[in-house]
Amino acid sequence: MRESLFHLSQDRHTSIQSRIREMLVSAILDGRMTSGEALPSSRRMAQVLGVSRNTVVLAYQELVADGYLVARERSGFYVNDEIDAARPTRDDDDAAHVKAAPDWASRFRVRPGELESFEKPLDWQEFPYPFIYGQVDQALFPIAAWRECNRQALGRKWMDVWTRDNRSTDDPMLVSQIKSRILPRRGIHADDDEILITMGAQSALYIIASLLVTPEHRVATEDPGYPDLRHIFQLRTPHIRPIPVDEAGLPIDDRLADCDYVYVTPSHQCPTTATLPMERRQALLARATEHDFVIIEDDYEFETNYLGAPTPALKSLDHNDRVVYIGSLSKTLFPGLRLGFMVGPREMIREARALRRLMLRHPPTNNQRTAALFLALGHHDSLIHRINRAYKERWQRLGEALERHLPDAARPSTFGGTSFWVRGPERLDSEVLAEAARAEGVLIEPGRLMFAGDDPPRNYFRLGFSSIPVERIEPGVEILAGVIGKLSA
C-alpha cells in the first residue's frame with residue numbers, strides 16, 4: 001500500500017480519529033484506494049501517522065460499521081468491494097459536451113453577479129485591529145449553553161420536530177418565544193399567523209420584494225443605506241428613489257408621496273446609526289396612510305441600546321397595517337445562524353409563507369428548536385445583558401479615541417449600535433485608506449458602496465466594534481489616524 005497517501009489534516013478543532021476517518025473516506029471516494037485494496041495494519045498506520053494504535057483501530061472499526069471497509073479474520077482491513085458499484089463513472093468525452101453548452105450569458109434575466117458588495121476578509125481574526133462590522137466576539141458567546149440547547153433539541157424527545165418535513169410551518173416554540181420574549185420589548189403584539197421565520201433579515205427582504213414589487217413600483221430607500229437592500233429591489237424595479245438622510249435619519253417630506261414602498265432603519269440608521277425621532281415616526285405613518293404606501297421597517301440592531309430605553313418600533317405605532325417589520329436573531333446570536341423573522345398583516349404573511357415554501361420550504365427545524373430553547377431557558381436575555389455591557393464600553397472607548405485622534409470625524413450614535421460612521425478629509429479615498437490600513441493590521445469598511453448614484457462620496461468609512469477587544473481600540477484608531485495623515489499630506 002502506498003503510504004504516501006496517508007496524511008492527517010492539521011485541523012485542531014477535529015479529533016484525530018475523525019481526521020483519520022476523513023483521510024480514508026476521501027481516498028476511497030476519490031478513487032485513490034480501489035475496491036478490495038488492503039489497508040496497512042493498525043500498527044503500521046499508527047507508525048505512519050504518529051498516533052495511537054487504539055485510535056487507528058477505532059477509526060477502522062467505525063468505517064467497517066459504515067460500509068467503507070470490510071474486516072477479514074486474521075487478514076486485516078480492506079476497501080469494501082461494493083464501493084466501486086456505488087461510485088459514479090466518468091465520461092471521457094466531457095469536451096464534446098462542453099462544445100454543445102448553451103450561451104448562458106444571453107439567457108440571464110438579471111445579473112446579480114455584477115452588483116458590487118462588501119468583501120470582508122475571511123481571516124479577519126488574524127488582524128490585531130479588526131474594526132469589522134457584523135461579526136461577533138466569540139469570548140462573549142455562551143457556547144456551553146448553546147451546545148446544551150442543541151443537545152436537547154436533537155434528543156429523541158423532540159426528534160419528530162426536526163426530522164419531519166414541516167412544508168411551510170415554523171417551529172411553534174420559536175414563534176411563541178419571539179411573540180412573548182422579543183416583540184414585547186419593541187412594543188409589538190402579534191398573533192402566530194402574523195409571524196414568519198426567515199433565513200435572516202436579508203431573506204425577509206427578498207421575500208417582500210418578490211411578493212410585492214413589480215417593475216412599475218417606486219421604492220424609497222435611505223442614502224447612504226444598506227447596499228444589498230438596493231440590490232434586491234433593483235432586481236425587481238428600476239424605480240429606486242434614494243433619499244439622503246440627515247442627522248435624524250430619513251426626512252419625511254413630499255419625496256415619499258408617489259412611492260409604493262418605503263424602506264427605513266429607524267432604530268439605528270444603516271450606516272450612520274442615527275435614530276429616527278418620534279415626531280418623524282408619527283409623520284411617516286401619517287403619510288403612509290395619506291399616500292397609500294407600505295413601510296418596510298428593518299429593526300436590525302434593536303437590542304444594542306446603551307443610553308436608556310429605545311424608541312418604540314414603528315410597527316408598535318402602526319394601527320393601519322402599514323408596516324412590515326423585520327427582525328434578526330443573527331445579530332445578537334451569531335451571523336452564521338441565519339435566523340430572522342417578519343411580522344406583518346396575516347394576509348401578507350400567509351402569502352409570504354407560501355412563497356417561502358416554494359423557495360426553501362422552511363428554515364432548518366433543528367436550528368429553530370435550538371434557538372427556541374436558547375430563548376426559553378433565558379440564555380438569550382443573559383447574552384443581551386452581557387454584550388450590552390461589553391459593547392457600551394467599546395462604544396465609549398471608540399468614541400473617545402475618535403475624538404482624540406480624528407476630532408469631528410464621527411458623530412456619536414443616539415442610542416448605541418455596533419459601529420461608528422466616520423467622515424474623513426474631503427480628498428481621502430476610503431478604499432485606498434482600507435488597503436493602506438490593512439498593511440498596518442487595521443481593518444475598516446470603506447463607505448462608497450453605501451451610497452446610491454454614479455458619483456458617491458469616497459471619504460466615508462465604517463468602524464465596527466463588536467469583535468475587537470476593548471484594549472485594542474485606542475491603538476487601532478491611533479494607527480488609522482496616522483495612515484490618514486500620510487494619505488492626506
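Student: What makes the second largest pocket a pocket, and how much space lies in it?
Tutor: About 410 Å³ of space lies in the second largest pocket of this predicted model. On a 1 Å grid over the protein atoms alone, a pocket is an open set of points with protein on both sides within 12 Å along at least five of seven lines. Its volume is the space filled by probe spheres set on the points, which are joined across faces, edges and corners.

Student: Which residues line the second largest pocket closest to its centre?
Tutor: Phe118, Glu119, Ala434, Ile444 and Pro446, out of 18 lining residues. Lining residues have an atom within 4 Å of a point. Helix H17 (430-439) gives the largest share, 4 residues. Helix H17, strand S12 (442-443) and S13 each supply at least two. Helices (H or I, at least four residues) and strands (E, at least two) are DSSP runs, numbered from the N terminus.

Student: How many residues of each class are in that lining?
Tutor: There are 9 nonpolar, 1 polar and 8 charged residues. Ala, Val, Leu, Ile, Met, Phe, Trp, Tyr, Cys and Pro count as nonpolar, Asp, Glu, Lys and Arg as charged, and the others, Gly among them, as polar.

Student: Before we go on, what do the numbering and the confidence limits rest on?
Tutor: Residues are numbered from 1 along each chain as its sequence is written, and side-chain values use heavy atoms, with hydrogens and water left out. Since this is a predicted model, local features need pLDDT of at least 70 and side-chain atom pairs count only at pLDDT 80 or more, while totals for chains, interfaces and linings use all residues.

Student: What is known of the largest pocket's volume and lining?
Tutor: The largest pocket has a volume of about 800 Å³. Its lining has 30 residues, with Lys120, Tyr133, Gln202, Tyr226 and Lys331 nearest the centre. By class, that lining divides into 14 nonpolar, 8 polar and 8 charged. Helix H10 contributes the largest share, 3 residues.

Student: Why is glutamate 445 said to form a salt bridge with lysine 120?
Tutor: A salt bridge needs a side-chain nitrogen of Lys or Arg within 4 Å of a carboxyl oxygen of Asp or Glu. Here the closest N and O atoms are 3.7 Å apart, and the pair qualifies. Glutamate 445 lies in strand S13 (residues 445-446) and lysine 120 in the loop between helix H6 (104-107) and strand S3 (129-130), so the bridge ties together parts 325 residues apart in sequence.

Student: Is glutamate 445 buried or exposed?
Tutor: Buried means under 20% relative accessible area, exposed over 50%, partly exposed in between (1.4 Å probe, protein chains only). Glutamate 445 has 6%, so it is buried. Lysine 120 has 31%, so it is partly exposed.

Student: What separates arginine 397 and glutamate 393 along their helix?
Tutor: About one helical turn, because they are 4 residues apart in helix H16 (residues 379-405). The two form a salt bridge, with the closest N and O atoms 3.7 Å apart. Arginine 397, at 30%, is partly exposed. Glutamate 393, at 39%, is also partly exposed.

Student: How many salt bridges does a search of the whole structure find?
Tutor: It finds 33. Glu116, Asp429, Glu431, Arg448 and Arg458 are linked in a network of them.

Student: What makes the largest nonpolar core a core, and how many residues has it?
Tutor: A nonpolar core is a set of buried Ala, Val, Leu, Ile, Met, Phe, Trp, Tyr and Cys residues joined through side-chain atoms within 4.5 Å. The largest one has 64 residues. Those with the most contacts inside it include Phe131, Leu174 and Leu480.

Student: Why does phenylalanine 127 count as buried?
Tutor: Its relative accessible area is 14%, so phenylalanine 127 falls under the cut-off. It is found in the loop between H6 and S3. Phenylalanine 127 touches Arg438, Gly441, Leu443 and Arg472, not counting residues up to four places away in sequence. Contact means heavy atoms within 4.5 Å.

How values were computed:
1 Å grid on protein atoms, 1.4 Å probe; cavity = no way out; pocket = protein on both sides within 12 Å on 5 of 7 lines; lining within 4 Å.
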